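Here's a quick look at a predicted model, starting with its pocket and moving on to a helix and a loop. Have the structure open while you read.

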Amino acid sequence: MDSEPSSRMSEDGYSEYSRPKSKRKKTSKVWHELVEGRNEKGETIATCIHCKLALVVGPNRGTSHLKRHLIESCPLRPVGLPLGEVGY
């Protein structure tokens, strides 16, 4: 008799022992000024609400490049506006 637990597949394709991965809450202030979505290649992107520039994001990419865009290079974001505060 086999004493190891078996992983039985249910009708919906999930193992009874596995659970779906939970998505972490986004805590960075940059997400107040960016909208997450997907591009035509299927990559996850963040679109700036000010200039509509699409920046690639991913699980191994942090938010520093997003913050840099908002603070230093976004041509339509009001100068001196604190990060995460929308000036509209």
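The largest pocket holds about 600 Å³ of space. Its lining counts 18 residues, and the closest to the centre are Arg 24, Lys 26, Glu 36, Gly 58 and Pro 59. Strand 1 (residues 34-38) contributes the most to that lining, with three residues. A pocket here is an open set of points on a 1 Å grid over the protein atoms alone, where a 1.4 Å probe fits, with protein on both sides within 12 Å along at least five of seven lines; lining residues have an atom within 4 Å of a point. The volume is the space filled by probe spheres set on the points, which are joined across faces, edges and corners. Helices (H or I, at least four residues) and strands (E, at least two) are DSSP runs, numbered from the N terminus.

On to helix 1 (residues 64-73): His 65, Leu 66, His 69 and Leu 70 are buried, meaning under 20% relative accessible area with a 1.4 Å probe and protein chains only, while exposed is over 50%. Down the axis, these buried residues fall within an arc of 140° (directions from the helix axis to the C-beta atoms), so they line one face of the helix. They pack against strand 1, strand 2 and strand 3, with contact meaning heavy atoms within 4.5 Å. Exposed Ile 71 and Glu 72 sit on the face turned away from the buried side.

Lys 52, in the loop between strand 2 (44-48) and strand 3 (54-56), has a positive phi near 65° despite not being glycine. Lys 52 counts as exposed because its relative accessibility is 59%.

Numbering runs from 1 along each chain as its sequence is written, and side-chain values use heavy atoms, with hydrogens and water left out. As the model is predicted, local features need pLDDT of at least 70 and side-chain atom pairs count only at 80 or more, whereas totals for chains, interfaces and linings use all residues.
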